[in-house]
Amino acid sequence: MEYPSDEPKVGEYSDAEIEAARVLFSRQATFVLGCAKIEQLPDPDLPEISFAGRSNVGKSSLINALVGMHKLARASNEPGRTREVNFFDLDGRLRLVDLPGYGWAKASKTTVKKFQDLGRDYLRGRVTLKRVYLLIDARHGLKKVDDEALDALDLAAVSYQIVLTKADKLKKGEAEKVQAATLKAIAKRPAAYPAVLVTSSEKGFGIPELRAEIMRTTGVDLA
């Protein structure tokens with residue numbers, strides 16, 4: 001006989017989790033520093049989650065939406081501006097980390113390799129890193145340029161979760177199709193978390209669920 005479990009299911013969040021996460025992310029968030037070299041990283045003394053993705057996928061906008069601030073992370077119309085590992089502190093309990101974008105159209109191969117190597121070094125050696133959120137533009141889905149990032153995350157054995165961004169740009173029902181296709185595409189990847197979140201930084205949907213997922217993943221509480 002099977003008994004019902006009180007454990008939360010993958011991709012589902014209780015009202016209490018949503019509210020606790022809202023309170024956590026309403027607390028003070030500050031920029032700590034940007035690191036261009038692995039030696040500059042802050043001490044690994046807080047749980048961290050990081051955001052990765054193609055240039056212009058909306059990483060800065062998503063970070064700003066999570067903390068309810070317009071200018072914490074600086075968004076730019078010029079792809080590839082994030083060329084450091086940028087750290088943000090949330091209430092002294094959690095760090096949000098913005099990794100260099102990939103797929104730059106206007107950067108030399110030397111520059112691209114330098115900052116992608118920095119990102120890889122961070123992924124391999126950061127003991128407090130709980131999860132990477134890999135942002136994918138919902139209008140385009142997974143592309144060939146994303147394969148290298150997926151392979152690097154699998155190789156580093158770092159838990160990662162796909163977050164679809166800019167879903168408000170799609171017609172009704174299209175986001176669900178992209179979500180299902182993305183989940184199928186990562187099904188056999190060893191480090192991929194088996195849930196795909198759909199978000200819009202502009203409209204705010206999916207943001208409460210992402211906050212709850214981050215809080216659950218890091219084990220941060222409000223005590």
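Which loop does K166 lie in? Select K166 and you will land in the loop between β6 and α5. K166 has a positive phi of about 60° although it is not a glycine. Keep that spot coloured while we walk through the rest.

**Before you start**

This is a predicted model, in which local features need pLDDT of at least 70 and side-chain atom pairs count only at pLDDT 80 or more, while totals for chains, interfaces and linings use all residues. Residues are numbered from 1 along each chain as its sequence is written, and side-chain values use heavy atoms, with hydrogens and water left out.

**The whole chain**

Switch to a cartoon view. The chain has 6 helices and 7 strands, where helices (H or I, at least four residues) and strands (E, at least two) are DSSP runs numbered from the N terminus. Read from the N terminus, the order of elements is α-β-β-α-β-β-α-β-α-β-α-β-α. Of the 223 residues, 48% count as buried; buried means under 20% relative accessible area, exposed over 50%, and partly exposed in between, with a 1.4 Å probe and protein chains only. Among contacts (heavy atoms within 4.5 Å) with a separation of 6 or more, 75% come from residues 24 or more positions apart.

**Stop 1: helix α1**

Select residues 15-25, which form α1. Show the side chains of E17, A20, A21, L24 and F25, the buried residues of this helix. Looking down the axis of α1, you will find these buried residues within an arc of 125°, so they line one face of the helix. That arc is taken from the directions from the helix axis to the C-beta atoms. A reminder that helps here: an α-helix has 3.6 residues a turn, so residues three or four places apart point the same way. Now turn to the other side of α1, where D15 and A16 are exposed. What covers the buried residues? The cover includes α2, β3 (85-90), β4 (94-98) and α6.

**Stop 2: α6 against α1**

The axes of α1 and α6 are 8 Å apart, and the helices pack at an angle of about 85°. Axes are lines fitted to C-alpha atoms, for helices over the stretch in contact, and angles run from 0 to 180 degrees between N-to-C directions. α1 and α6 are therefore roughly perpendicular to each other; angles of 65 to 115 degrees count as such, under 35 as roughly parallel, over 145 as roughly antiparallel and the rest as oblique. To see the contact, show E17, I18, A20, A21, L24 and F25 in α1 with P208, E209, R211, A212, I214, M215 and R216 in α6. By class, these residues divide into 9 nonpolar, no polar and 4 charged. Here Ala, Val, Leu, Ile, Met, Phe, Trp, Tyr, Cys and Pro count as nonpolar, Asp, Glu, Lys and Arg as charged, and the others, Gly among them, as polar.

**Stop 3: helix α2**

L62, A65 and L66 of α2 make the contact with I207, L210, R211 and I214 of α6. This contact has 6 nonpolar, no polar and 1 charged residues.

Zoom in on N64, which lies in α2. Is N64 buried or exposed? N64 counts as buried because its relative accessibility is 6%. Leaving out residues up to four places away in sequence, N64 touches M69, H70, K71, L72 and A73. Just after α2, look at G68, which takes a positive phi of about 70°.

**Stop 4: the cores**

Select Y122, L123, V132, L134, I162 and L164. These have the most contacts inside the largest nonpolar core, which has 32 residues. Such a core is a set of buried Ala, Val, Leu, Ile, Met, Phe, Trp, Tyr and Cys residues joined through side-chain atoms within 4.5 Å. β5 (129-137) is one of the elements that give two or more residues to this core, and β5 gives the most, with 4 residues. Apart from it lies another core of 30 residues, among them F25, V57, A73 and I207.

**Last stop: D91**

Finally, centre on D91, found in the loop between β3 and β4. D91 has a positive phi of about 60° although it is not a glycine. D91 counts as partly exposed because its relative accessibility is 30%.
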